[in-house]
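Let's take a walk through a structure, one stop at a time. Have the coordinates open as you read.

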Protein chains: 2
Amino acid sequence: MTEGALDYARDHGPRFVEDLKELLRIPSISTLPEHAGDMVRAAGWLRDRFESLGIASRLIEGSGPPLVYGEWLEAPGAPTVLVYGHYDIQPVDPIDLWSTPPFEPTERAGNLYARGASDDKGQTFTFLCAAESLLKAKGSLPINVRFLLEGQEECGGKVVKEYVQAHGDNLQADFVQVADSGMYAPGIPTIETGLRGVVYTEVRAWGPAHDLHSGLYGGVAPNPLIGLAQVLADIKDRDGHVSIPGFYADVVMPPDSVLTSWRALPFDDAAFLRDEIGASQLVGETEFTPLERIWARPTLDVHGITGGFTGSGAKTVIPAEASAKISMRIVPNQRAERIFELFRGRVLELAPPGIQLDVALVHGDDPVLVPDDSVYVQTAREALHDVFGRPAVMGRSGGSIPIVGVFKEVLKLDTVLMGWGLPDDNLHAPNEKISLENFHRGIEATVRFWEKLGQAG
Amino acid sequence: MTEGALDYARDHGPRFVEDLKELLRIPSISTLPEHAGDMVRAAGWLRDRFESLGIASRLIEGSGPPLVYGEWLEAPGAPTVLVYGHYDIQPVDPIDLWSTPPFEPTERAGNLYARGASDDKGQTFTFLCAAESLLKAKGSLPINVRFLLEGQEECGGKVVKEYVQAHGDNLQADFVQVADSGMYAPGIPTIETGLRGVVYTEVRAWGPAHDLHSGLYGGVAPNPLIGLAQVLADIKDRDGHVSIPGFYADVVMPPDSVLTSWRALPFDDAAFLRDEIGASQLVGETEFTPLERIWARPTLDVHGITGGFTGSGAKTVIPAEASAKISMRIVPNQRAERIFELFRGRVLELAPPGIQLDVALVHGDDPVLVPDDSVYVQTAREALHDVFGRPAVMGRSGGSIPIVGVFKEVLKLDTVLMGWGLPDDNLHAPNEKISLENFHRGIEATVRFWEKLGQAG
């Protein structure tokens, strides 16, 4: 039974890639207002695709890019999966570091390069290809499927959260499936059992009422860029510890059995440093392993600082204001709201002389844990074993997929997180790509997963 | 005899202002390569002006905007002054804070608003107006005058320095006169007897080989923005002290007699804070008065930081690199070269784990002291007393006019620094202006100064 759909998927694999390229050519960058029209184009493309497969679809409008909803509910008695993905992508700067243009999808050495190839258009599209393979080969799907694709994942996901909270009745299902994560390494399938949360903030600093000449006022005028630097240095030390009182109070490390299994995973510090980071050394809390630091420890990063003069040459200005984008990754049992309050309080307390600070929350999401003993996770493991010929790693991700927490909280649903990215996919960076082998195997894995669930039912 | 030239200056004052507006309309921003053509236009405008007055003039080409040279040497036996000024200006950003466009000179409430109105086109132009008044009223100048106007003062002044060093013979004179400074307060004429030097640097920081996703790598990847912040916080503390070992070793404070005279000047901390700084408090070394901090103490400022994502919204990137523009103001007997070496050494020493740093010198200039007992300074004081009806303040400037040090070192000439700016002229900031009364009095003061020197000779 499965073979028919798998054969279809294999036969049509090259065309699936060409179809994906169409979607990748749409620069649907949700965080930049000038791309609002592209968000609508990408959503429309997906809706049309559902319709062409015979999956009823509609756009759900909200305060931002629309949600694309699709449903096929003609398998009475079988489980219902709520499939989630996102069609929005990250900005592309620095654009000059791309080897080929981010919106001209290009195949090289078994990879497809384009912004969104992995995060998350390419992975989201595997669901549509799996559904097409099953529908075309068999005339039906083995389980009921609801698709909910959003266009705001990279900038807070307000619309989808509001929709789930207000219209959860329309999303009744037995579990959620998401492909917006990665494999532990090439050939090693992975199910994520936990995700860090995030608290994304913007800190603004004011000094003089207007820009001043540093010759005429240097020595008496407060400098907001130096002020921000002093605050930053005081909230994260050189050993990677976040110096905010109470920050670590609610951190609960995984049980020893989990930590032991992580230490059994193949991990080569030197290769990781060389191949993925490319810096002179790994940093952070040396009392934890690198995997623990990424999967189970909170941290803090600065993403950008504005203010003053940044053109070529020299301008001797003391700027009137400056700002920094700062985020924290948080872990169980930290809560985004509490961490933001601790952060805000500490930053304000650290204001240097003459500097006034304002701390704004851009978005915040709690961390998530997924129980690994459900029938859905166990069936997914079987499907992965069939496709990849080896057991899946039960790991975690340091990244955040905020909606997973919302599904749990509002719909009481756990999520099967199996994804097709690789560590070197350059997410959020120049030269993003997806492994085409992983793309095809991802389609196969979902075909097998849904078939197994349908047979069990 | 003087009255004829002063009458001419007064009668033609309004036209002088209109002529200055022509020069101010040329956006000769030396630090931005796209304005190279405007540099040539501004230089040509000045050369034509000299020629129209019967002052022989030529452009001196070098690796950058040309120097404008003019000379009138037909007063045998009289002293020769080397007049210096600059026709280049600072960038105009943030452009949206200008009440009227920076290159549409606009009169409001006795002031002329435009980029360069005070620094330094407006002040430089007073020399041309003084020369015109004398030449038209009397047919000759009372002393010999060489004019040397450069177009690179705001970005290091390489061309003029090279020219003075290579062709000092062409610039033989008895003293230098510069109008690129301010008056202590409205109605209070001022001669500067010292200038701080400057060491302008750029520090670049590298972490990962490419931009990384902060979710997937936060906790192990070095962040160059945080690294820069940690370095900055470690080289300047919250009390305004520069924390570089040896930084203050060569600082020599002025003699007590000078400090006492400074303390006798009218200075209202609260009014200074409110009217000029506009911050919540003055900062810096509290063991020194604000005037001492600006006129006689070294300091350090950050002018801009780049790296990462600074658009609207949220991007969770750990940038591969970041950079900061950092300058130090230095005082007698600090030397730019030595201070740069101390700065560079300390910054490199402070590199946080995983961060690689590079420190480049953008430009460096030594501080300058001017003896206040020369016949030129004393005659300038008399001229100022005549025009303003009160004695001149003998002060200092916290700003730098690097060429003054070169004139001293290469040509062995001291400089009479009397200028027509005011503390609220918004130098290097939006809404730069010059007081039209000061502009006219500046022309008169130079007419009287040169007349007095001619009569003495």
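This is a predicted model: local features need pLDDT of at least 70, side-chain atom pairs count only at pLDDT 80 or more; totals for chains, interfaces and linings use all residues.

Residues are numbered from 1 along each chain as its sequence is written, chains are lettered from A and ligands numbered from 1 in the order in which they are written, and side-chain values use heavy atoms, with hydrogens and water left out.

Start with the helix pair. Two packed helices are described by the angle between their axes and the distance between the axes. In chain B, α12 (residues 375-388) packs on α14 (residues 436-456) at about 130°, with the axes 8 Å apart. Helices here are DSSP runs (H or I, at least four residues), and strands are too (E, at least two), numbered from the N terminus. Axes are lines fitted to C-alpha atoms, for helices over the stretch in contact, and angles run from 0 to 180 degrees between N-to-C directions. So α12(B) and α14(B) are oblique to each other; angles under 35 degrees count as roughly parallel, over 145 as roughly antiparallel, 65 to 115 as roughly perpendicular and the rest as oblique. Among the residues that meet are Tyr376(B) and Phe388(B) from α12(B), and Arg441(B) and Phe449(B) from α14(B), where contact means heavy atoms within 4.5 Å.

Next, α9 (residues 269-277) of chain B. Its buried residues (under 20% relative accessible area, 1.4 Å probe, protein chains only) are Ala271(B), Phe272(B), Leu273(B), Glu276(B) and Ile277(B). They pack against β10 and α6 of chain A, together with α10 of chain B. At the start of α9(B), a side-chain oxygen of Asp268(B) comes within 2.9 Å of the backbone nitrogen of Ala270(B). Just after α9(B), Gly278(B) has a positive phi of about 75°.

Over in chain A, Glu276(A) sits in helix α9 (residues 269-277). Is Glu276(A) buried or exposed? Glu276(A) counts as buried, at 16% relative accessibility. Its side chain makes a polar contact of 2.5 Å with that of Tyr217(B); such a contact is a pair of N or O atoms within 3.5 Å, and within protein one must be able to donate a hydrogen and the other to accept it, while residues adjacent in sequence count only if both atoms are side-chain atoms. Glu276(A) also touches His210(B) and Leu212(B), among others.

Last stop: Thr80(A), in strand β3 (residues 80-86) of chain A. Thr80(A) is buried, at 13% relative accessible area, and a polar contact of 3.5 Å joins its side chain to that of Asn144(A).

How values were computed:
Buried means under 20% relative accessible area, exposed over 50%, partly exposed in between (1.4 Å probe, protein chains only). Lists of a residue's contacts leave out its neighbours within four places in sequence.
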